Amino acid sequence: MIRELDIVQLARDLPSWGLKRGDTATVVLVHKHGTAYEVEVTTPAGETLAVITLSADQIMSRPA
């Protein structure tokens, strides 16, 4: 189960945003029933690249 403030990875490339599979994001909002997530994608230095809404199949839990 993915929750707010979890660190996740993108499950696929999002070329329109310039994002790649495996990019790291923080969940900032879980939409009703976990069908969509508002995420903030950042660089390793902490610079925000995008804040976008993604469906559950577009993100995955980050390996421990």
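A nonpolar core is a set of buried Ala, Val, Leu, Ile, Met, Phe, Trp, Tyr and Cys residues joined through side-chain atoms within 4.5 Å. The legends below describe close-up views of a predicted model.

**View 1. The largest nonpolar core of the predicted model comprises 14 residues.** Within this core, the residues with the most contacts are Leu 19, Val 39, Ile 52, Leu 54 and Ile 59. Strands β1, β2, β3 and β4 each contribute at least two residues to the core. Around Leu 54, once neighbours within four places in sequence are set aside, the contacts are Leu 10, Leu 14, Ala 36, Tyr 37, Val 39 and Ile 59.

**View 2. Five strands form an open sheet with antiparallel pairing.** The order across the sheet is β4-β3-β2-β1-β5. From one strand to the next, the twist averages 40°.

**View 3. Strands β3 and β4 pair in the antiparallel sense.** Strand β3 spans residues 36-42, and its pairing with β4 runs over 7 bridges.

**View 4. Leu 29 belongs to strand β2.** The residue has a relative accessible area of 36% and is therefore classed as partly exposed, since that class lies between the limits of 20% for buried and 50% for exposed. Apart from neighbours within four places in sequence, Leu 29 is in contact with Glu 4, Ala 36, Tyr 37 and Glu 38. The C-alpha atom of Leu 29 is separated by 9.9 Å from that of Asp 6, which is 23 residues away along the chain.

**View 5. A salt bridge joins the side chains of Asp 57 and Arg 12.** The N to O distance is 3.3 Å, and the count for the model comes to 1 salt bridge. The pair links distant parts of the chain, 45 residues apart. Asp 57 is placed in the loop between β4 (48-55) and β5 (59-61), while Arg 12 is placed in the loop between β1 (7-10) and β2 (24-30). Both ends of the pair are partly exposed: Asp 57 has a relative accessible area of 46%, and Arg 12 has a relative accessibility of 36%.

**View 6. Leu 5 has a positive phi, near 75°.** Most residues other than glycine have a negative phi. Leu 5 is such a non-glycine residue, yet its phi is positive. The residue is found in the segment before β1. With 67% relative accessibility, Leu 5 counts as exposed.

**View 7. His 33 has a positive phi of about 65°.** This residue, too, is not a glycine. His 33 is located in the loop between β2 and β3. Its relative accessible area is 69%, and His 33 is therefore exposed, the threshold for that class being over 50%.

Key:
Residues are numbered from 1 along each chain as its sequence is written. This is a predicted model: local features need pLDDT of at least 70, side-chain atom pairs count only at pLDDT 80 or more; totals for chains, interfaces and linings use all residues. Side-chain values use heavy atoms; hydrogens and water are left out. A salt bridge is a side-chain nitrogen of Lys or Arg within 4 Å of a carboxyl oxygen of Asp or Glu. Helices (H or I, at least four residues) and strands (E, at least two) are DSSP runs, numbered from the N terminus. Buried means under 20% relative accessible area, exposed over 50%, partly exposed in between (1.4 Å probe, protein chains only). Two strands pair if DSSP finds at least two bridges between them. Axes are lines fitted to C-alpha atoms, for helices over the stretch in contact, and angles run from 0 to 180 degrees between N-to-C directions. Contact means heavy atoms within 4.5 Å.
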